[in-house]
Amino acid sequence: HKEYRRQRQMCIRDRLDTVEEHVVSEVEKSWVHVVKTPIRDETGRCTGVQGIFWDVTQQRETETALAHERDLLRTLLDSIPDRIYFKDRDSRFLMISRAMADDFGLDDPGGAVGKKDADFFSEEHARLALEDERDILETGEGIIGKTEKETWNDDREGWVLTTKMPMRNADGEIVGTFGISKDITDLKAAEAELAEARALSLIPI
């Protein structure tokens with residue numbers, strides 16, 4: 001009766017194109033792509049159903065794994081307070097973290113896509129960052145733990161601890177750069193105050 005109902009439903013439809021989940025065991029599943037169409041006689045009456053199907057388990061598992069990786073990356077980009085960014089070979093932003101979008105004054109991290117450092121930072125800082133990234137692209141060697149002074153288009157200033165690395169595709173070709181910058185402005189200010197206090201203590205009264 002179940003198969004009869006399926007066939008009757010197919011007679012009403014023109015086509016069924018779907019992916020069906022099959023439970024192989026308690027711990028194993030498989031997915032099958034199914035395409036079915038009704039068979040009709042010369043009067044248009046449905047006389048049967050024809051179909052093809054093929055196993056898409058590996059494809060579905062790959063898609064699930066990729067979706068999980070994207071979820072992990074998005075959690076990192078949305079949660080970590082440091083600035084994380086990915087750039088193409090022309091140093092245009094491909095993706096940035098939520099914290100970086102906030103510093104850029106953007107409501108959505110996607111608003112930075114296609115833009116460059118020069119759209120947010122001073123000309124000097126953008127130039128120095130571009131030089132570093134060109135060196136990375138040419139040599140394939142990253143920059144780890146570099147202390148940088150940042151100057152912004154709106155005259156803000158700050159300090160960051162930056163790490164930048166080459167970004168490679170599946171063939172090992174360098175297709176851009178990515179990095180993380182940690183704000184250390186408060187730490188630099190504390191160091192300056194401490195240095196000033198030490199200097200004053202050495203001045204004879």
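User: What should I know about the model before reading it?

Analyst: This is a predicted model, in which local features need pLDDT of at least 70 and side-chain atom pairs count only at pLDDT 80 or more, while totals for chains, interfaces and linings use all residues. Residues are numbered from 1 along each chain as its sequence is written, and side-chain values use heavy atoms, with hydrogens and water left out.

User: How many helices and strands does the protein have, and in what order do they run?

Analyst: Helices (H or I, at least four residues) and strands (E, at least two) are DSSP runs, numbered from the N terminus. Here there are five helices and eight strands. Their order from the N terminus is α-β-β-β-α-β-β-α-α-β-β-β-α.

User: Is the protein spread out or a compact globule?

Analyst: One compares the radius of gyration, taken over C-alpha atoms, with a globule rule of 2.2 Å times the number of residues to the power 0.38. The radius of gyration here is 29 Å, well over the 17 Å that the rule gives for 205 residues, so the protein is more spread out than a compact globule. Its C-alpha atoms fill a box of roughly 110 × 35 × 35 Å along the principal axes.

User: What is the strand order of the open sheet of three strands?

Analyst: Two strands pair if DSSP finds at least two bridges between them. The order is β1-β2-β3, with antiparallel pairing. The edge strands, β1 (16-23) and β3 (46-55), each pair on one side only. Strand β2 (residues 29-40) is joined to β1 over eight bridges and to β3 by nine.

User: Which residues are bridge partners, and what links the strands?

Analyst: Glutamate 21 has tryptophan 31 in β2 as its bridge partner, and valine 23 has lysine 29. Isoleucine 39 is partnered by glycine 48 in β3. β1 and β2 form a hairpin with five residues between them. The hairpin of β2 and β3 also has five residues between the strands, and there glycine 44 takes a positive phi near 90°.

User: Which helix lies across this sheet, and at what angle to β2?

Analyst: Axes are lines fitted to C-alpha atoms, for helices over the stretch in contact, and angles run from 0 to 180 degrees between N-to-C directions. Helix α2 (residues 57-79) lies across β1, β2 and β3, at about 125° to β2.

User: Is threonine 177 buried or exposed, and what does it touch?

Analyst: Buried means under 20% relative accessible area, exposed over 50%, and partly exposed in between (1.4 Å probe, protein chains only). Threonine 177, in strand β8 (residues 174-183), has a relative accessible area of 2% and is therefore buried. Contact means heavy atoms within 4.5 Å. Not counting residues up to four places away in sequence, threonine 177 touches residues including Tyr85, Phe86, Glu133, Leu137 and Met165.

User: How many salt bridges are there, and where does arginine 60 take part?

Analyst: A salt bridge is a side-chain nitrogen of Lys or Arg within 4 Å of a carboxyl oxygen of Asp or Glu. The structure holds 17. Arginine 60 meets glutamate 63 at 3.7 Å, N to O. Being three residues apart in helix α2, the two are separated by about one helical turn. Arginine 60 is partly exposed at 28% relative accessibility, as is glutamate 63 at 39%.

User: What of glutamate 131 and arginine 127?

Analyst: Their side chains form a salt bridge of 3.2 Å, N to O. Both lie in helix α4 (residues 123-139), four residues apart, about one turn of the helix. Elsewhere, salt bridges that share partners join Lys87, Asp117, Glu133 and Lys164 into one network.
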